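Okay, thanks for coming, everyone.

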Amino acid sequence: MTRIHTKDGQFIDAHERILNLRGVNLAGSSKLPSNHSHHDILHPDPACTTFVNRPFPLSEASLHFSRLKACGFRLIRFIVTWEAVEHAGPGIYDTEYLEYVRQVLEVANEFGMLVYIDPHQDVWSRWTGGDGAPLWTLELAGFDVANFRQCESAVCKETYGEGHGTDERNGNETLPKMIWPTNYFKLASATMFTLFWAGQRFAPHCLVENHDATSENKVNIQIYLQTHYINAMAELIKYLRGLDNIVGIGTMNEPSPGYINVDDLARGFGQSQPTESSSTPKTNELKYGLAPTPFQGMVLGEGHPQQVSEWSNGILQHILGKHNRSVLVDPMGKRAWKSTPQRTECIWKREGVWRIHPQTQQPELLNPKYFANVDFGTSCYLPFAIKYANTLQRIWKSSTSTSELHIFVELPPLEFSSTPFPQISSSSESGIPHAINATHWYDGVTLFTRSWKSYLSFDTRTHRPVFGYNKIFKMHSSQLNDIRQLSVTKMDNVPTLIGETGIPFDMAGNTKWDSFGSQVAAMDHTLRCLEKNLLSFTLWCYTPDNTNKEGDLWNGEDLSIFCNDQKQGLDESDPLYIFDGMRAGQAVIRPYAQCMAGKPLENTFDMEKAFFLFRGVANGDTKYDVPTEIFVPKIWCSTESDMSIRAVGGKFEVDEYPHWFIVKYWHEDLSTEQRVEIQFSRKKTSRRRVWGVPFT
């Protein structure tokens, strides 16, 4: 197994070669229990929940890891959720699931796959429209999840159709694509994240029974939630000790600040900017469907009618910033808070944020800036992340493993966040040792519109349209470079790994699955932007149980690079069998230099010209006895004669494996630039059988 460490902003192997780590998120369906049903949301039975067999049965592990390795992927971002570990109740861990995860990752180790654990969440939990936290966390705060839809406190796939939006009133019960992120800006999710990060500050009266206490019988809900989250991930790490393919663990997938730093609760989720001259709050709030302001969300949660703006997912919102209409939302007496066995009052009403006016009996906002002027990254995220990292790294070091447990740092998605990225020391005990910048990046226009337009995009930084492919490529490459610069300027020059990136395969107008032209072009564009910046990454995602109809089985998403419906029935004796089912394969499965004996300058593949180029220079005084290794998948050349190799400044040789070649290059003349060119035969047609040309 290749052991990795970090140095000078790079991933380094045992031979001091620089690594370009490429991999996948495994898997999209791991957000849901393996026995998930639509009744879970309104009639949950946490004791019977199980995530065993997510992402696949243990018996299938070898096939999937073999396929991923044949595609050139060497790193797995392995999806787990807090719910998967601790669904049955506080401190009750699912040992069957933990043992299953250990067994799956043991198989990954056999295939030489590196792994980092992703404690995944989206918009807090399944009951708030996403995944992640157990049901008991919401109940602990006093929520009644059965009434979330009527109060517009959350929008879920299972309850869509029971709300107040125009589509729902017209009888539509199908959750719109990509509406789920709007839950970050609704009462339930925003409240839970605020309590998790800053309950002591903003909800000091929210105390809960501390059954694990040695001294205090009650603690603030922030302490309780953070302690249980850390302990759950610590329990998982205990089960994985001794596995030398585990390279690290994330802090939390795409955390949200909730209400923290919202400038005015009556105006939306615009963020305070106390250090800037502009007094105008910045906002990247996603508005799609009904979009109550924070104050309206609180009021609706207590059952009071409100006139709420309704937004479409298009030019009217993203370019013009205008809503379509206003809609009267009347919960008809339903409340998002528990009424039995005793009535629970809205936490924010109890803390004096708002009240019912004694004379008018109408909701009144008392403190619109209650959450304003707080630096989420520095004041909330960082103290938690330091405690989290120290706890897990201490447990990891207590094992026989000689490798370090890297901490993959994520903050709120840049598309939705206006909060500054904090200064994170990775070299002192007061910071996060062995940290990695694992920020996500997507081509947001393609993701949200589910279409690829090479001539038109939108810059989320300037909120202006961008015309022409060259300008779009430059813009997206610049966005990725900005992420990389955060590693340098904010994190002591740690490595960058884009934890999520990818494209939707259910592009609009492609319902018959008769062509993958747009998907191939969009995926190739994304990977070219990553290659331009020499970035490591894990694609979202590889979902073994993906189908054309159900996608990744979660909220209508369909980003998996593998699909059972795209299988073409190749026989196991066929040399291309291992690639069967891959989508947009000519873009996804590409040659690249995996480990580089020198400093890379270029590591790119031109899909249209079937041409690979590696360029590099000597890495200071470092002398290498091992070569640069270039992975070449056999869908691009079934035999060595199908590729023409030109090496400058050194020599090369080719090793063949069942599904790929490794081109080894030794740099002999240190005064010259390293250069390897590989031109693939464009006459070969056999690979097109697995290039995602789907069957109906």
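I'll take the peptide bonds, then the phi angles, then the surface.

Some housekeeping: this is a predicted model, where local features need pLDDT of at least 70, side-chain atom pairs count only at pLDDT 80 or more, and totals for chains, interfaces and linings use all residues. Numbering starts from 1 along each chain as its sequence is written, and side-chain values use heavy atoms, with hydrogens and water left out.

So, most peptide bonds are trans, and most residues other than glycine have a negative phi. Now look at Leu26 and Ala27: the bond joining them is cis, with omega about 5°. Ala27 sits in the loop between strand S4 (22-26) and helix H1 (61-70); helices (H or I, at least four residues) and strands (E, at least two) are DSSP runs, numbered from the N terminus. Trp540 to Cys541 is cis as well, omega near 5°, and Cys541 is in the loop between strand S20 (536-539) and helix H15 (585-588).

Next, phi. Asp492 isn't a glycine, yet its phi is positive, about 60°. You'll find Asp492 in the loop between helix H13 (469-489) and strand S19 (497-498). Ala610 has a positive phi too, near 50°, and lies in the loop between strands S22 (599-606) and S23 (611-617).

Last, the surface: which residues make the nonpolar patch of about 330 Å²? They're Tyr455, Leu456 and Phe467. For patches, residues need over 30% relative accessible area (Shrake-Rupley, 1.4 Å probe, only the protein chains shown as cover) and no salt bridge, with like charges joined within 9 Å and nonpolar side chains (Val, Leu, Ile, Met, Phe, Trp, Tyr) within 5 Å. A salt bridge here is a side-chain nitrogen of Lys or Arg within 4 Å of a carboxyl oxygen of Asp or Glu.
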